[in-house]
Amino acid sequence: MDIVSIKCPHCGGMIERQPNTYFVKCQYCGGEVCFNEIKEEAVIGEYSDKIDELERDIDVLEEKERKFKRWFKAKNVTLTVLGLCTFGVFTFFGLTKDDDNTALMSIGGFFLVMVMCIFCFVLPIISALYPAYDSVTKKKNAAAQLKQLFNLLLTGIAVCSLGALLAYVLLSALGVV
Ligand SMILES: [Zn+2]
């Protein structure tokens with residue numbers, strides 16, 4: 001879109017329209033003018049406040065969406081780590097079945113501590129960070145966060161079962177179990 005000159009509907013002065021602008025204050029009379037895209041003319045504008053308000057609402061929504069995306073990413077990373085650690089616990093303890101290999105035992109122990117930390121601390125923290133707000137009071141929605149904690153603990157157990165199953169498959173393939 002090129003810069004076009006349009007007649008001010010308030011005072012008749014010529015106003016320049018920059019590309020992608022929809023509102024302008026007339027430089028001669030200070031009147032608010034908005035552009036009619038189709039007719040390529042300027043009309044008296046009273047909507048810029050309303051548009052500002054809508055843009056603010058959109059900003060709030062976009063920020064909310066970003067928060068949700070970050071939260072889901074953190075949740076998925078944690079659950080993946082949980083699954084890998086469970087796999088590690090069973091694999092390394094399984095490998096030490098017949099002999100007292102302290103190196104393997106301590107690796108297994110490390111993964112066990114990680115699994116317990118994720119269940120006791122990380123999952124509750126992630127639930128508490130669930131970005132749910134009451135749109136009227138702007139207060140955190142405790143019920144939604146409690147529901148997330150319940151969901152996360154159940155999902156965590158499912159992920160651990162999967163990790164244990166995969167470890168069992170691996171140990172079977174190695175002929176350990
Ligand atoms: Zn004017």
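These legends describe close-up views of a predicted model.

**View 1**
The model is predicted. Read along the sequence, the order is β-β-β-β-β-α-α-α. The protein has 177 residues, and 17% of them count as buried. Take the contacts between residues at least 6 apart in sequence: 46% of these join residues at least 24 apart.

**View 2. Pro9 sits in the loop between β1 and β2.**
Strand β1 covers 4-7 and strand β2 covers 14-17. Pro9 has 17 C-beta neighbours inside 10 Å, so Pro9 counts as partly exposed. A residue needs 20 or more such neighbours to be buried. Cys34 is 25 residues from Pro9 in sequence. In space, the C-alpha atoms of Pro9 and Cys34 are 9.7 Å apart.

**View 3. Ile51 belongs to helix α1.**
Helix α1 spans 48-95. Ile51 has 13 other C-beta atoms within 10 Å and is therefore partly exposed. The exposed class stops at 12 or fewer. Phe23 is 28 residues away from Ile51 in sequence. C-alpha to C-alpha, Ile51 and Phe23 are 9.9 Å apart.

**View 4. The largest nonpolar core has 17 residues.**
Those with the most contacts inside this core are Leu82, Cys85, Val89, Phe111, Val115, Ile118 and Leu123. Each of α1, α2 (102-128) and α3 supplies at least two residues of the core. The largest share, seven residues, comes from α1. In soluble globular proteins, nonpolar side chains tend to be buried together.

**View 5. Phe111 is among the core residues with the most contacts inside the core.**
Leave out residues up to four places away in sequence. Phe111 then touches Cys85, Gly88, Val89 and Phe92. Of these partners, Cys85 and Val89 are also listed with the most contacts inside the core.

**View 6. Helices α2 and α3 pack with their axes 8 Å apart.**
Two packed helices are described by the angle between their axes and the distance between the axes. Here the angle is about 150 degrees. Angles over 145 count as roughly antiparallel, so α2 and α3 are roughly antiparallel to each other. The crossing of α2 past α3 is right-handed. On the α2 side, the residues that meet α3 are Val115, Phe119, Leu123, Pro124, Ile126, Ser127 and Ala128. On the α3 side, they are Gln145, Gln148, Leu149, Leu152, Leu153, Gly156 and Cys160.

**View 7. Ile126 lies in helix α2.**
Ile126 has 20 C-beta neighbours inside 10 Å, so Ile126 counts as buried. The cut-off for buried is 20 or more. Setting aside neighbours within four places in sequence, Ile126 contacts Ala74, Lys75, Thr78 and Leu152. Gln145 is 19 residues from Ile126 in sequence. The C-alpha atoms of Ile126 and Gln145 are 9.0 Å apart in space.

**View 8. Helix α3 runs from residue 142 to 174.**
Helix α3 has 33 residues, which should span 48 Å at 1.5 Å a residue. Just after the helix, Gly175 takes a positive phi of about 80 degrees.

Definitions and conventions: Residues are numbered from 1 along each chain as its sequence is written. This is a predicted model: local features need pLDDT of at least 70, side-chain atom pairs count only at pLDDT 80 or more; totals for chains, interfaces and linings use all residues. Helices (H or I, at least four residues) and strands (E, at least two) are DSSP runs, numbered from the N terminus. The expected span of a helix is 1.5 Å times one less than its number of residues. A nonpolar core is a set of buried Ala, Val, Leu, Ile, Met, Phe, Trp, Tyr and Cys residues joined through C-beta atoms within 7 Å. Two residues are in contact if their C-beta atoms, placed from the backbone, lie within 7 Å. Axes are lines fitted to C-alpha atoms, for helices over the stretch in contact, and angles run from 0 to 180 degrees between N-to-C directions. Angles under 35 degrees count as roughly parallel, over 145 as roughly antiparallel, 65 to 115 as roughly perpendicular and the rest as oblique. A crossing is left-handed if the near helix is turned anticlockwise from the far one by less than a right angle, and right-handed if clockwise.
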